[in-house]
Every structure is written in structure tokens, then in C-alpha cells.
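Let's walk through this structure together, one part after another.

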Amino acid sequence: MRVRPTEGLQIDGFTLGAQLHKGGFATVWDVTHPDHTLPMVMKVPTILDGDDAPTIVGFEVEQMIMPRLSGVHVPKVVAIGDFAVMPYIVTERIPGDSLLATFTRAPLPMSDLLEVMARMAAAVHDLHRQHVLHLDLKPANFLQRPSGEMVLVDFGLSRHDQLPDLLAEEFTIPMGTFPYIAPEQYLRSRDDPRSDLFALGAMIYELATGKMPFGAPDKLKGVRKRLWRDPVPPRALRPELPEWLQEIILKALEVDPAHRYQTAAQMVFDLTHPAQVKITARGRKLAADGWRTVFARWRVMRRVKGFAAPPSLSAQMDKAPILMVAVDLSPDMEMLASSLLRAVQRMLVIQPDARVACVNVIKTARIGIDNITDDDGTHLHVSRLVSLRAWADALDLPQERLTFTVLENPDPGTAIIDYAGHNNVDHILMGARGHSSTRRYLGSVSSQVVAEAPCSVTVIRLPEGRQAA
Amino acid sequence: MRLAILTDIHANREALAAVLADLAQRQVGRIVILGDIVGYGPDPVWCTEKVMSLVQAGALCIMGNHDQAIGTADDALNITARRAINWTRPLLDDGHRAFLAGLPMTARMEDLLFVHASANAPEDWIYVTNESRALGAFRSTDARLIFCGHVHQPALMSHDLSGSVRAQRFPMGLPVPLIRSRRWLAVVGSVGQARDGVAAAGYALFDMAQNELTFRRVPYNVATTVAKVRAAGLPESLAMRLQLGA
């Protein structure tokens, strides 16, 4: 590096303004450029004289990964500087503080907590969708846009599953931030997306209780304990926390990645459908495990060298998708509904960790009050839910992988499309009614969904001649 | 501009045709051939003439050890390779021989260096098969990117600011950014005689504007080439090798 950053420095058309942040490995500067009106910041690694390999490689990783990312959950990259003169990355400036400020206010009230958690997990899902594991998630690496979306920063330890991993054999010690690092990362794994979900779990624990689940170890040895020592259950620290929240947190903090959420999208799904989280002993416990249990775990875990990682990030996401099934429960559609059920069963064979969201739409009138109670006084919404559950019985899926939702909307197609968008649905399965002239002119629900849904759609249709049977 | 980098064609007409058809769909600005047009395979005349016409149309071509062996009795080749060269020699006319003998050992294009084997001693035909051999190549030139062949197994090495060389894993068929803080050496996979377990033609695309390298794989009709190898009476091991890609 020939040039060092200072206020007023001009480089490649950028003029450095005030220093905004000084961290251990980099400084961040306000910058302007005559061709760019966007508010921008420049991050410059602090490369010490002599051998400073970790900082350099970390910055190379950022320079490699960041330009490939897009969307609201990452800062937009404007320019990248050459190591020959001064390495830097210029990105859009996200106003405001990092989540570190929010964490000093922990424990948060439930209403704030829910929103922050779901937004954090949504940002991680978006990153994973773009083939990148962050691997250093911590409060300081989350910024928030004025519109509310979380923005992830600092990709110095990240891994893109379709690019060379420059950090792979570079360093011998595990890298990450001690309070949040996952057990398998401690064991040197750099290819498991579920490591990011562990860090999310640790952060949500802290936001909910005001305490870090594994404390703040200052030595690497202190990190190792999380392989056998379980955290104090959140509800023991803050009894008013609901069981479902503890269930979500402790599931994310499972030592073996196979027992955690399998994708960030599935975690977002639970955070946004708390009423349908299946509560297990994990959600109900009020004390950390006793010494006998911990000792038994220690005897096993102290020999563990690692956990099986998925073949790739995309393979993991393909294996654990969110399937949405839009079921029509009207009596003349029974044949179609059972066909749809068989189609779902077949999909579950090839996607064993899929989560299935069963949805039924009640079509409401656009104007006026709907008669949602039938003549016998049974609430239509409730009776639809009961039928939906009965339909899904044959799927034989555990409760935590099934959800049931009845939507009310004058426009069923739009209701299905919106639900899929809000819940990161990967694939919609639905039936199509037979052909009729009305449908030909007005368009069917399924054709609207196929045309506008943000994901894959499979339409099940009965063979000609069987519809009337 | 996008470069298509081909190497080790080895007289395999079907493989070369498949690669040329593939890159015809990919807006390639210039073709670079890193040598070994002939040897091992059954179609030396067709392949040499094809490469001659590509060069006439602007392609760049470097000399490989098999190309050199056509004109000089090379004792360095192993017995199988020598048998194939002895079979090839009478098929080529003076024009072919002059073309092969006149190929340069290396070529530079801006900060890119093209060579058949190792850049530090191109005429010694050293195989760049590990990090320490790659280091020798990096030390012999100031080029930022070195492209070579000869090994028949695709590989990617980086040379970082501290001077250490590391083999990098890369996905087949997807672009890898060759970040400017490092120098890079790419061993391009063979068009006509794969040796990495996949019986398909290999080549690479380098996008100079994006600074991204993509290793590609193209399937071709291996059975046809194998039948020709056998019909020509070339060593059976060469036919087996094509079938297995190893």
C-alpha cells in the first residue's frame, strides 16, 4: 500500500471526508465523487507494515464477494481500489448506527423484538440465496435502512460457494466472533449455512434476555465449551417470554447443525407464524441441563472433530424448501385435492426437509359484509382450517413442518401470490379446474399464479374426462 | 473482449468441433490455442488445417511439445506418444509441418502470458502440477495472468501479495473473478484428451473487461473418436484413455 487514507485525500475521483469509524482492521470514511450523487462511504483496510496476511486476505475476500451481491440487504458497491495504490471498497452509505446500539438496550420489549428478529433472519436468507455464507454475524455487522430492512456488512470472513475460498487453508485458528460463533466453526468448518443460523440464534437470545447465551469468552478455549454446555433457557432469565420464542432460540442454538433450522427461510417462517411453532421440551424447560447430562455430553463431544456439512449451500436450500400448497376444498374438487396430495407426497420424497404451508383461500365479496358464519353458526374460517388439517393428515408430517393458513381475499390469485412472496416460498403447488368458457375469457386463478408468482409453480390438473366423476 | 483459450487438442476432431461450436454461441473476440494440436489422436490433418484457418482469421497459437516433435526427433516423449507422432508424421504435408515448426513458444497480450508448459523454461516442457512449480512460473515473468496447458487437468493457482502460491478450488462452468491483488496461473484443461476423469472436451473463457475466468466442459461423441483411434492402429491405451477421460 503506497497511500494511506487521510481527510481530504483524493483518489480515483473520490474525495475523503470525515472518518466515520475506526475498527481493528479497517477505517471507514465519508466520501464524495463528482459523478455520484449517492451518499457513500469508503472502507480502507488498516494494513500494518510487514506481514499482515489476515487483514489483506479478508479484504480480498470482500473485494471478490461484495460486487456479486445485490438487493436491499447488502450495501451497493460503487468502486473497488487496487492494492497497488490503496485498497478500498466504496459503497452506498446506510445512515444510522449498527444494531450494536439496539443491543445495548436489550432486553427489548416483545413487540420490537419480533420485528428486529424477523428482519435479521430475512437479511440472512437473502444472502444465502445469493450463495454467500456470512460466517461473522454479530450486532455490529447489521445496519438498518430507513425503510426498515436490515443490511449486512463486513464480508471479510465470508464464503461464496461458487468462488474459490481464499481463506480455506490460510489460517490455522478458527475465525469469527466468540460470543456468536457456531460450534462447527470452532471446529474449522467454513461451509455450513447453518453456522449463520446459530449466530442468529445467539443474537436473538441476547436481544430477548439482555445476556449472551455463552457469555463473552476472551480465549478460544472458552468457545469450546458450547459443544457440551447448554445455555440457560431464556425463560429462566425472563419468565414472561413465550414458550414458542424459547423453542425458536434453542432450536437455532442446537450444537449439531442437523438439529437446527435447516435454512434461514424456515427460521423466518417460524418467527412470523409463532402460533404454529410446535412447542417441545426445549421450549418449556426452565433450567439449564444438570451436571450429569452435561458430563455425559462432554464425554462424547470432546472427541468430536466436526459435523457433516451439506454438499453446498444451494444443495442445502434445495433440500429444505418451503412448499406452499393451495388447496381447494369445495366438494366438486375432491378428486383434484387428492391428486394434489399425492403430488405433495412425491415432492417430499426428494426434498425430505421441506416445510409445507397448506393454504386455503376464502373468497370474500369486494363490497359489503360477508356472511362468514353459516346457518348452523359454525365459523367458516374455523371449519376451513379443520378441513385443511384433515386433508393434510395423509402427508404424515410432524407438526413442526406443517402450517395451516386460511386467507380471506376477494381475489384468490393475488392472495396466493402475496403469501408466497412474504414467506419466501420456493415452490407453489396448486390444482387447476377444468376448462370452461368463463375461465377462458376471465382467466383462471392458476394461470394468474403461474404468471405472477415469485417462485416455481406446479399446477396439477386431472386428466380430461375425470373431472365430473 | 472475451478470449477462448484452448489447449492440447491432440488431433481429436470431434472434441475440437464441439468446442468451436460451443464458443460460437458465446461472443468470443479472440481464440488462443496453447499448443499440442497433433499427437495421440486420429485426425492430425483436419485439426492442423482447422487451427491454420483459425490463425488466419486472427487466432493466436503457441507451440506444444507434440507439435515440436513433428519436426525434430524428440527422445523426451514417452513410447506411446512417440508411436503416435511416428504415425502422424507421414500424414502431414510440407505446409502443415512449416506451420507447426513456426509456432512461437510464448505470447504476450497486455498483462497476459500464454505458454504451453511452464513459463520459466517453456522449451523444457515442465508440467505445472503443484504450487511450487507454479511459483517458478510466477517468478519468471511480470505477467499478471499466466495461461498454460500440457497437464490435461484444469487447475487454478493464485500468487498473493506476500508471495505465496495456493491452488484454488473453482466450480466448473461458473465465472471466477481473478482479483487484481493477486497474480493467477490457469492450467487449462485439454480439448482432445481429458485426464481428470470426465470424458469431455475442456477449454476456458476469459472475459478481459470483467476479469473473470470460466473453465468449461463440452461433451462430444467420444465413441466416434475411439473407433477412429482403433481403426488407425494407434496404441489401444490411447483409445482407453479417451473413453475414461483419465
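Let's begin inside chain A, where domain 2 and domain 3 bury about 1,200 Å² between them, and 51% of that area is on carbon and sulfur atoms. Buried area here is the accessible area, found with a 1.4 Å probe, that two parts lose on being put together, summed over both. This is a predicted model, in which local features need pLDDT of at least 70 and side-chain atom pairs count only at pLDDT 80 or more, while totals for chains, interfaces and linings use all residues. Residues are numbered from 1 along each chain as its sequence is written, chains are lettered from A and ligands numbered from 1 in the order in which they are written, and side-chain values use heavy atoms, with hydrogens and water left out.

To place those domains, note that chain A is divided into domain 1 (10–92), domain 2 (100–311) and domain 3 (321–460); such bounds come from an automatic or database domain assignment. The centres of domain 2 and domain 3 of chain A, taken over C-alpha atoms, are 33 Å apart. Their contact takes eleven residues from domain 2 of chain A and 15 residues from domain 3 of chain A, where contact means heavy atoms within 4.5 Å. One salt bridge is counted between domain 2 and domain 3 of chain A. The term stands for a side-chain nitrogen of Lys or Arg within 4 Å of a carboxyl oxygen of Asp or Glu. Asp270(A) and Arg355(A) form a salt bridge, with their closest N and O atoms 2.8 Å apart.

Now turn to the largest pocket, which has a volume of about 1,400 Å³. On a 1 Å grid over the protein atoms alone, a pocket is an open set of points where a 1.4 Å probe fits, with protein on both sides within 12 Å along at least five of seven lines, and lining residues have an atom within 4 Å of a point. Grid points are joined across faces, edges and corners, and the volume is the space filled by probe spheres set on the points. Why does the largest pocket lie between domain 1 and domain 2 of chain A? Domain 1 (10–92) and domain 2 (100–311) of chain A both give residues to its lining, so the pocket lies between them. The lining counts 46 residues, and His21(A), Ala26(A), Lys43(A), Asn141(A) and Asp154(A) lie nearest the centre of the pocket. H1(A) gives the most to this lining, with five residues; helices (H or I, at least four residues) and strands (E, at least two) are DSSP runs, numbered from the N terminus.

Next, look across to chain B. Here 14 residues of chain A are in contact with 17 residues of chain B. The area buried between the two chains is about 1,400 Å², with carbon and sulfur atoms giving 54%. Two salt bridges are counted between chain A and chain B. Arg68(A) forms a salt bridge with Glu212(B), the closest N and O atoms being 2.4 Å apart.

Finally, some backbone details are worth a look. Most residues other than glycine have a negative phi, and most peptide bonds are trans. The peptide bond from Ala106(A) to Pro107(A), however, is cis, with omega near 0°, and Pro107(A) lies in the loop between H2 and helix H3 (110–129) of chain A. Arg188(A) has a positive phi, near 80°, and sits in the loop between helix H4 (183–186) and helix H5 (194–209) of chain A.
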